[in-house]
Amino acid sequence: MNGMRMENYLEVESVNPADMNSIQMMDLFNFCAEASQEDLPPAVNMQVDGYEEKPETLLHKLWISKEYERLFLAYQADKLVGVSACYSLNSKVMICGCRSWTVPSMRTKYVHGNHIFPAQFKYAKEKGFNAAWFTFNDYNAWLYKFLKRISEGKATAFGMKNSDTYKDLTFLEGEMLIKGVSQLVAIKKL
């Protein structure tokens, strides 16, 4: 963290999970503990208890299997309000939006669409990737449809302007097998 942050300003920190400082680690641990208490899927992916033996959890993928190479932390003031990780699928594709989560009070603020995802795209582009992919498991098919609706310029919430981040996504029809899991895919050319 860079000292005190302004109350209404969002700041995104991009960090290698192996290089997280103790404040970031504690913020993330508390964030995941709070998220895992929600009844909405995929709360199971945010569990902190026994994460060492739970490969589906964010903490396991960051610190045990080391699957995610970058973590993006969105802070408002000194409160962590959103997280998302990314990893290389191959030399041309960065998988973005992994284990994304936003605190309930910020869900209408496009923390990911306006702040975290643009930072992930910038990171991927700087690393020489040609595309960023978002992948969606069965339980997140609703999110795939939601983003597709936004990309088509359709309203998603009364009186709320959609994030421009999703306008130029390409949505593949059908599922792809990624890391042994059938997933829907949306592509952002970089």
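Which residues do ring pairs link into a cluster? Select Phe117, Phe121, Phe134 and Tyr166: ring pairs join them into a cluster. Rings of Phe, Tyr and Trp (its six-membered ring) pair if their centres lie within 6.5 Å; planes under 30 degrees apart count as stacked, over 60 as edge-to-face and the rest as tilted.

Before going on, note that this is a predicted model: local features need pLDDT of at least 70, side-chain atom pairs count only at pLDDT 80 or more, and totals for chains, interfaces and linings use all residues. Residues are numbered from 1 along each chain as its sequence is written, and side-chain values use heavy atoms, with hydrogens and water left out.

The structure holds 8 aromatic pairs. Zoom in on Phe121 and Phe134, an edge-to-face pair with 5.9 Å centre to centre and 65° between the planes. Phe121 is in helix H3 (residues 111-126) and Phe134 in strand E5 (residues 131-136), so this pair ties together parts that are 13 residues apart in sequence. Helices (H or I, at least four residues) and strands (E, at least two) are DSSP runs, numbered from the N terminus.

Now pick Phe136 and Tyr144, another edge-to-face pair, at 5.6 Å centre to centre and 70° between the planes. Phe136 counts as buried because its relative accessibility is 4%; Tyr144, at 6%, counts as buried too.

**Helix H1**

Next, select residues 22-35, which make up helix H1. Which of its residues are buried? Colour Gln24, Asp27, Leu28, Phe31, Cys32 and Ala35 to see them. Look at what they pack against: strands E1 (10-15), E2 (70-76), E3 (79-88) and E4 (93-102), plus helix H2 (58-63).

**Thr102**

Last stop: Thr102, in strand E4. Thr102 counts as buried because its relative accessibility is 11%. Show its side chain and that of His112: a polar contact of 2.9 Å joins them. A polar contact is a pair of N or O atoms within 3.5 Å; within protein, one must be able to donate a hydrogen and the other to accept it, and residues adjacent in sequence count only if both atoms are side-chain atoms. Leaving aside neighbours within four places in sequence, Thr102 is in contact (heavy atoms within 4.5 Å) with residues including Phe31 and Val81.

Note on methods:
The expected span of a helix is 1.5 Å times one less than its number of residues. Buried means under 20% relative accessible area, exposed over 50%, partly exposed in between (1.4 Å probe, protein chains only).
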